[in-house]
Amino acid sequence: MENITKIYSNGFVANKGITFGVGENEIHALVGENGAGKTTLMKILFGMENCQEGKIYINGKEEKITSPLDAIDKGVGMVHQHFMLLPSLSVAENVTLGVEPMKHGLFDFEAAVKATQEIADKYKFKVDARAKVRDLSVGQMQKVEILKALIKGAKILILDEPTAVLTPQETEELFEQLFLLRDTGVSVIFISHKLEEVMHICSKITVLRHGYCMGTYDAKDLTEASLSKMMVGRDVVLKIEKEDPKVGKPIVEIKDLVKIDPSGKHVIDGVSFSIHEGEVVGIAGVEGNGQDEVSDVLCGMGGFASGEVKLNDKSIKGKSVRAIRDMGLAYIAEDRMVYGVAGEMSIKMNIVADRFDKKEFKNGLFLNQAHVNEVVDKYIKEFEIACDGRDQPVRMLSGGNIQKVVVAREFTSGANFILANQPTRGIDVGTAEMIRKTIVRKSRNDGTATLLISADLNEVLECSDRLLVMRKGKIVAAFPKANEVSEETLGEYMLGVKEMTMEEMEALL
Amino acid sequence: MNKTQKIETGMELVRILICLLIAYAAALVILFLIADDPWFVIKTFITGPFSSPRRIGSVINQSIPFILCGLSMCFVYAVNKFNLAAEGIFMMSGCMVALVGLSLADYNLPSIVMMIIVYAVAIVTGIVLDYIPAILDRKFNANVVVVSLMLNSIVGFFAYWVLQNKLADPKKSSVESRTIPASIQMPDLFGKLKVPAGLIIALVCTVIVSIVFYRTSFGWKMRIVGSNPRFAKATGLNVLSISFAAQLAGGALAGIAGATEFMDNYKTFKWTTTTGHGFDGLLVAVLAKKNPRLVPIGALFLAYIRIGAEYLNSKSNGAVPKEFITVIQGIIILLIAAESFLSGTKNKIIFKEAQKRLDAEKAKNTAAA
Amino acid sequence: MFTASWIGQFLATGIRLATPLVFAALAAAVTVKAGMFNMGVEGMMLCAALAAPIVAAQTGSVWIGLLAGVLTRLLTALVISFSSLTGKTDLYLTCIAFNLMATGGTVFLMILLTGSQSDTLNALKIYMLPTLNIPLIEKIPILGPILSGHDILTYVAVLSVILVSFFFKRTRLGLRLRSVGENPQAAEAVGISSIKMRYIAFILSGLLSGLGGAFMSIGNVGYFMKNMVGGRGYIGLSAMNMANADAAGASLASLFFGLCEDISLTLKSNKTLNFPTQFLDMVPYAATILSIMVINFIRIAHQRKIEKGEVAAK
């Protein structure tokens with residue numbers, strides 16, 4: 001792939017002039033943080049997205065890949081992070097979907113089983129072609145996904161974070177399989193940010209960062225540390241002027257929190273920390289390591305299995321979102337269009353959505369429209385929301401302005417705990433700046449306690465006072481002063497190169 | 001941005017008008033094809049309802065239950081729960097009014113007192129009946145539509161049984177109740193137009209419902225829940241109880257609708273099956289885009305085409321069966337609900353406007369440079 | 001009273017009454033497997049019920065009438081699917097609107113074509129589908145009337161249950177339909193067009209409910225009556241829901257409902273016990289609601305147990 005540039009329709013440039021190549025009989029790693037552009041690049045190769053600029057060459061010939069089917073035709077197969085299988089059907093049926101063998105116009109189940117078994121044996125996969133997919137373990141499901149690609153003749157196999165869902169043994173098995181594939185002429189592109197695995201099985205490594213390609217290297221020339229240094233870094237260092245926090249009493253206290261998801265996995269595995277008055281605690285970490293679940297628990301959108309969570313000295317277990325908000329929570333959700341606003345409704349209704357039930361906005365049985373309008377107009381001005389007036393439907397605003405509506409509501413709710421999950425994702429620099437500055441200012445002036453969960457390193461390093469790192473549902477590092485942590489160090493903890501012990505972290509939680 | 005908003009609302013209006021026109025045109029086409037004297041039939045259809053004060057009055061009369069049922073369905077549609085029990089409630093409510101009215105006839109209570117009692121009964125009936133599908137949905141995750149439709153059948157039979165066994169006047173040859181006391185028969189207004197006083201109730205309800213929707217916290221809560229239930233939850237609203245309450249409110253209005261229609265136009269209770277007003281209410285709510293303030297307009301339009309069709313039904317006017325109007329109604333709902341209908345055009349216009357603005361800005365910038 | 005012949009007759013009637021329900025349930029199951037909840041079955045059956053006797057009367061052949069019934073259903077299925085798949089209307093609303101149209105439209109057409117204002121279409125010559133009497137079997141006590149002597153469509157219904165199950169398990173098309181219903185993304189990823197599949201599902205659904213509707217008129221009574229489907233489409237839908245779209249289970253559920261109706265009819269005709277007719281009429285509908293409640297309650301309780309870890313999730 002040469003000079004690929006991909007710009008998404010909201011102006012976000014995902015890939016900037018990336019040149020990347022894979023050779024025969026090679027397991028090639030594509031690494032980078034969340035949002036670095038790895039999945040996008042592969043989606044382009046697999047025909048799920050198209051690019052503004054750039055060319056793709058397969059076996060020396062230039063190709064235009066227009067759709068997944070096209071990609072499959074040209075020998076490219078992809079195994080996605082989220083499996084695309086049909087649980088109630090058998091392995092054979094899943095594998096042969098789309099290329100089902102027929103006999104007398106009917107689906108020939110036996111032939112499908114045979115074909116599946118053949119491919120499985122060829123690459124030494126151990127699967128029972130007749131078993132139903134929903135009865136399989138996750139590792140086996142992944143094998144089925146790989147077989148799906150292989151049976152259609154894939155010569156280039158893209159694996160997107162394959163080990164994210166596997167146990168250590170399954171991971172070992174997968175690696176053996178990949179070595180076999182490599183030796184029989186299939187090239188593998190291995191997307192991951194698990195550095196130890198990458199170093200273990202890949203011969204070449206390409207690093208992406210913030211949409212740019214940082215280079216392709218031989219694995220033997222790198223160490224995990226040097227690799228993480230290349231992956232984790234800030235291009236522009238954002239410095240926010242701030243005084244030291246005046247830390248007061250704990251507002252949020254979490255002890256031994258455990259949350260189990262429907263498949264039995266401990267998505268939060270014994271987490272304890274507290275957030276005090278006047279400070280901003282940041283949680284850094286690769287997405288999917290439990291941060292979102294912590295956010296869900298704190299705001300009341302999800303429950304938890306065991307542990308203690310207190311807000312302003314009262315337990316939130318079993319309480320509704322309304323009750324927790326009344327106890328002092330303000331919540332900036334990760335996905336603003338789904339949880340942050342009602343797109344069809346007016347700016348006015350969105351801003352007062354959490355409080356129009358309160359006395360000050362009511363006039364007997366009715367809403368005090370005048371007061372509502374007054375308050376909303378004030379906020380529109382204060383937060384500089386660019387709009388056509390308070391009655392405009394929110395979905396017509398730009399992303400940054402929509403987020404301004406969200407913060408206008410959350411920052412003025414009178415809460416003393418702000419839960420901000422990816423507050424500046426996908427919005428323009430100016431608005432992001434404003435939101436960050438407001439978070440810091442509120443903690444200094446109003447004494448708000450804030451939990452900032454963010455995949456944006458700039459943000460989490462500059463806005464947080466104390467910094468925690470989460471990995472695999474646990475807290476693996478704690479730092480007293482975020483802006484004194486180097487990116488390399490942070491990267492090492494985020495990617496699992498290092499881990500702090502409980503004693504080291506005790507005092508900092 | 002302002003332009004875009006104006007274009008959107010403008011296009012929505014135009015879209016509804018076009019849908020109505022297409023449906024109306026379809027009606028005309030059908031008439032044309034089947035009538036012996038097409039032009040006469042078409043003319044009668046269009047102008048018939050206006051041809052005499054009596055007829056205009058009947059259009060308004062017909063619109064009263066449509067308004068009330070439309071308001072009822074606005075609540076239900078606002079929270080996206082298609083609880084169609086209004087149909088059964090309408091009939092049962094009329095039945096209960098007859099029952100109560102006849103039982104209290106001997107007390108000779110003044111009209112006002114009777115009205116209040118009777119409406120209270122109607123509202124309670126509506127709430128109780130609408131409660132059933134709502135609670136089954138909440139506790140058992142049962143499909144609201146199917147349950148409410150089954151319930152309608154059950155209620156229909158039950159009301160008929162009540163009619164046959166409790167209300168029936170043995171002196172009459174057809175199945176109907178004894179005459180209800182005059183105290184609960186609605187007087188007619190406006191002299192020659194002969195519009196029953198139920199109109200006042202309908203208009204009052206429209207005003208009240210509009211106020212509730214747009215000026216009370218409950219109305220706001222309902223609309224937010226209907227617009228984005230996940231957001232509603234994240235902001236602390238109790239989605240389940242709000243949807244529930246909305247359905248009950250809808251039930252109460254359906255009860256009022258049935259009672260009013262009965263007292264407006266009948267001296268004895270003789271409904272033997274459900275009347276279809278529940279579904280008409282849904283149509284009106286869809287036409288009015290869940291906005292109670294537009295319900296009377298939708299109701300009037302529906303009444304207009306209905307009366308037109310009924311008018312054609314009589315032999316002298318072409319003997320066109322009036323049921324064709326249900327087909328038209330279906331077409332209207334389908335066209336309006338089809339979101340992609342004409343949305344392509346709408347987007348094109350918005351895009352063109354955006355282009356124009358961009359060009360204008362560019363021109364301004366180059367001129368300034 | 002409970003003689004062997006009475007039992008046989010009772011069950012036979014139950015089967016007869018269940019036939020349209022089975023077709024409706026199968027029609028609904030087909031679309032549910034492809035991921036959509038087709039409530040329009042009710043209206044679809046009504047259209048077929050009207051078309052069949054009319055065309056039969058016009059052409060003089062009961063078989064062509066049957067064909068016409070099925071064809072109308074296909075047409076109506078296309079209307080619904082076009083509306084919701086291409087026009088993007090909410091499927092529920094579309095089906096409600098369509099059922100309304102069917103209710104009124106069929107009466108309209110009936111009056112139009114026959115010139116009479118009555119509720120039933122018995123002005124036309126009555127055509128009925130033949131019944132099938134299997135020679136030896138019909139002599140067996142109890143089982144005899146159950147297995148033989150039914151209208152031909154009843155046998156077709158039984159056959160359909162088998163065919164539909166077979167279709168989904170063993171044909172390529174069936175497989176693809178299920179994939180679209182279960183995980184449209186997975187299907188799209190291998191090049192199956194979910195929209196095309198859904199149209200096909202609707203067409204098949206049309207076929208099945210067409211048979212069901214035709215049965216009601218030319219199979220059962222020989223004429224068309226205003227609103228003769230009377231909620232059977234919805235009952236069939238609930239049957240399917242209860243059996244979780246499994247063809248065999250759905251037909252058993254339909255049979256159950258058929259028997260309920262049977263009970264109600266029997267009690268009605270029984271002069272000694274004087275049950276008021278209206279309450280008996282309610283029986284099938286009330287049974288539907290009750291069974292929905294019971295089944296869902298069991299399902300939810302089971303779900304809760306899984307979440308608490310008492311039972312392993314499947």
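Me: In the open sheet of four strands in chain A, what is the strand order?
Reply: This is a predicted model, in which local features need pLDDT of at least 70, side-chain atom pairs count only at pLDDT 80 or more, and totals for chains, interfaces and linings use all residues. Residues are numbered from 1 along each chain as its sequence is written, with chains lettered from A and ligands numbered from 1 in the order in which they are written. Strands (E, at least two residues) and helices (H or I, at least four) are DSSP runs numbered from the N terminus, and two strands pair if DSSP finds at least two bridges between them. The pairing in this sheet is antiparallel, and the order is 14-13-16-17.

Me: Which strands are the edge strands of this sheet?
Reply: An edge strand here pairs on one side only. The edge strands of chain A are strand 14 (266–276) and strand 17 (314–315).

Me: Which residue of strand 17 of chain A stands opposite A:K310?
Reply: Strand 16 (residues 306–311) and strand 17 of chain A run antiparallel, joined by two bridges. Opposite A:K310 stands A:S315.

Me: Which element gives the largest share of the side of chain C that touches chain A?
Reply: Residues are in contact if their C-beta atoms, placed from the backbone, lie within 7 Å. The contact takes 15 residues from chain C and 16 residues from chain A. On the side of chain C, five residues, the largest share, come from helix 7 of chain C.

Note on methods. Contact = placed C-beta atoms within 7 Å.
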